[in-house]
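Subject: Structure handover and notes

Hello,

Please find the structure below, with my notes after it.

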Amino acid sequence: MNADWPEAAVVIAAYEEADSVGRTFDALAGQDAEVIVVVGGDDETAEIAIAHDAVDRVLCDEAEDGPSAARNQGARAASAEVVCFTDADTVVPNYWVAKHRRHYTDDTVAGVGGPLRPQGNSTKHRILFKLLSDYWYRAAWPVGFVQQSGNNCSYRRSAFLEAGGFDEEIPFMEDTELSLRMKHYGRIVYDKECPVYTSTRRQTNQGYVGLFLTYVRGYLDYFVLDRRPDNGYFK
């Protein structure tokens with residue numbers, strides 16, 4: 001590992017994810033970062049995290065006020081210069097932390113994001129993820145509409161804290177909202193070679209059309225009409 005790269009921490013917000021979180025931790029084993037897990041709920045997620053060799057710290061999400069609050073709690077507890085975020089239903093490649101860290105040798109970089117890929121072998125999911133969670137990002141990023149996904153993003157911690165972190169009052173699209181705020185603190189880099197593999201349960205349960213309409217409404221409310229809808233879908 002390049003000694004000139006800034007140190008990193010990985011923050012994972014995990015609310016009752018006992019069925020999937022072990023794979024998330026397995027993927028982080030051996031990667032050069034402190035792994036901080038913020039756990040809520042009543043299942044065995046905390047026990048799995050405490051027992052796993054890849055996990056350095058387990059924090060209790062006592063407020064259980066959504067993923068934004070849990071991520072912010074983890075970021076405040078970290079001491080590394082770079083904070084990476086992924087989710088408890090997501091598996092990262094073994095080079096993921098290194099890919100994020102290397103971008104921060106450039107002092108102008110405030111954040112880094114990458115594409116999402118689906119877990120499993122479904123052709124439908126692979127095609128739609130490529131369109132919606134990669135090509136769409138590539139098209140939107142150059143015109144200033146950066147959309148770092150909460151399960152594949154990192155930030156320079158000092159800038160993240162100065163910006164106030166994830167907005168804990170936003171019920172969804174909090175990751176996009178933060179990405180747009182963070183543009184004022186430096187460049188936001190899209191690394192198309194830094195994917196993560198995430199669960200398709202949301203797409204399966206809600207359907208792509210339903211999700212598309214939810215996000216369209218969110219784009220209009222947040223970024224055109226400047227209002228916050230009372231939508232608890234991602235809360």
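Leaving out residues up to four places away in sequence, Phe 85 touches Val 11, Arg 71, Ala 75, Trp 96, Gly 150, Asn 151, Asn 152, Cys 153, Tyr 155, Phe 160 and Phe 166. This is a predicted model, and every value here is computed from it. Phe 85 has a relative accessibility of 0%; because the cut-off for buried is under 20%, Phe 85 counts as buried.

Phe 85 and Phe 166 make an edge-to-face pair, at 5.3 Å centre to centre and with 90 degrees between the planes. The two residues are 81 apart and the pair links distant parts of the chain: Phe 85 belongs to strand E4 (residues 82-87), while Phe 166 sits in the loop between helix H6 (157-163) and H7. Phe 166 is buried as well, with a relative accessible area of 1%. Ring pairs also bring in Tyr 155 and Phe 160, giving a cluster of Phe 85, Tyr 155, Phe 160 and Phe 166. Arg 71 lies over the face of Phe 166, 5.1 Å from the ring centre.

A further pair, Trp 141 with Tyr 190, is tilted: 4.9 Å centre to centre, 45 degrees between the planes. Trp 141 is in the loop between H5 and strand E8 (153-156) and Tyr 190 is in strand E9, so this pair ties together parts 49 residues apart in sequence. Both Trp 141 and Tyr 190 are buried.

In soluble globular proteins, nonpolar side chains tend to be buried together. Here the largest nonpolar core has 55 residues, and the members that touch the most others are Val 10, Leu 28, Val 37, Phe 85, Trp 96 and Met 182. Strand E1 (residues 8-15) gives the most to this core, with seven residues.

Met 182 belongs to helix H7, where it is one of the buried residues. How many of the nine residues of H7 are buried? Eight are, so the helix, which spans residues 174-182, is mostly covered by the under 20% cut-off.

E5 and strand E10 (residues 196-198) run antiparallel and are joined by two bridges. Thr 90 has Thr 198 in E10 as its bridge partner.

The last item is Glu 193, in the loop between strand E9 (187-190) and E10. Is Glu 193 buried or partly exposed? Its relative accessible area is 44%, and because that falls between the 20% and 50% cut-offs, Glu 193 is partly exposed. Again leaving out residues up to four places away in sequence, Glu 193 touches Tyr 95 and Lys 99. Glu 193 and Lys 99 are 94 residues apart in sequence, and their C-alpha atoms are 8.4 Å apart in space.

Regards

Technical notes: Residues numbered from 1 in each chain as written. Predicted model: local features only at pLDDT ≥ 70, side-chain atom pairs only at ≥ 80, totals over all residues. Heavy atoms only, no water. Buried < 20%, exposed > 50% of the residue type's maximum accessible area, 1.4 Å probe, protein only. Helix = DSSP H or I, 4+ residues; strand = E, 2+ residues; numbered from the N terminus. Pairing = 2+ DSSP bridges. Contact = heavy atoms within 4.5 Å. Phe/Tyr/Trp six-rings, centres within 6.5 Å; stacked < 30°, edge-to-face > 60°. Lys NZ or Arg CZ within 6 Å of the ring centre and 35° of its normal. Core = buried A, V, L, I, M, F, W, Y, C linked by side-chain atoms within 4.5 Å.
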